[in-house]
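My notes are below, in the order I made them.

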Amino acid sequence: MLDAAVRVFSERGFHAANMDEIAELSGVSKPMVYAYHGTKEELFLSCLRRESERLMERILAASDATLPPDEQLWRGIKGFFEFVGAHRDGWSVLHRQARSLEPFAGELAGMRKALVQLIAHRLDVALQKEGRQVRPDDLTSMALSLVGASESLADWLSAHPDEDPARTATRLMNAVWMGAGQLLHGHTWKPPLDERGNHQAAA
């Protein structure tokens, strides 16, 4: 039933999706869909949570915590893009539709926060193994940037079925890791000085 619902929500959109069509595609009666998953809103939420759990599981399985930070991150990003490539309907429900619909947007925000925390934690653990300490705010900022860039590229990937998820992951790493790696080693860019000789923003 959830597979059918994800497909219908992806193709029709939440408002146009029809419970009759979901039931027919599932091979069950409409009352059976309501009995198992409740209202259309509750069914959409079940789809959202399942796809989010699948995504997190894919990222965790792909990113070996014993690897160096850059390879660990690349594998996690690749796992993310592989999920999107293999579950384009799921990505549509998970991200494109939920982010603009209440109350689903709040649920998605919580899932996104968990992903940011996961990435920041993995980076922190990997760096500590190398004897380096990075400020929590820097780790969170980096994780937020990576998640935002990954989501934008995932939208592009889902619209280009012939694109290789691994190549997309490498492109993102080339775009962000050169700077991120410098930051993790303590090298930061600083804004120009103001008329008093102070930097215009904190480092």
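**Cavity notes**

I counted 2 cavities of 30 Å³ or more. On a 1 Å grid over the protein atoms alone, a cavity is a set of points where a 1.4 Å probe fits but cannot get out, and its lining residues have an atom within 4 Å of a point. Points are joined across faces, edges and corners, and a volume is the space filled by probe spheres set on them.

This is a predicted model, where local features need pLDDT of at least 70 and side-chain atom pairs pLDDT 80 or more, while totals for chains, interfaces and linings use all residues. Numbering runs from 1 along each chain as its sequence is written, and side-chain values use heavy atoms, with hydrogens and water left out.

**Largest cavity**

I noted a volume of about 240 Å³ for the largest cavity. Its lining has 18 residues, and Ile59, Leu73, Gly76, Ile77 and Ile119 are the closest to its centre. I then checked which elements give two or more residues to this lining, and found α4 (40-62), α5 (69-86), α7 (104-129) and α8 (136-158). Helices here are DSSP runs (H or I, at least four residues), numbered from the N terminus. The most comes from α5, with 6 residues.

**Second largest cavity**

I found about 120 Å³ of space in the second largest cavity. Its lining includes Ser52, Phe80, Trp91, His95, Arg112 and Glu151. Two or more residues each come from α4, α6 (88-97) and α7, and α7 gives the most, with 4.

Note on methods:
1 Å grid on protein atoms, 1.4 Å probe; cavity = no way out; pocket = protein on both sides within 12 Å on 5 of 7 lines; lining within 4 Å.
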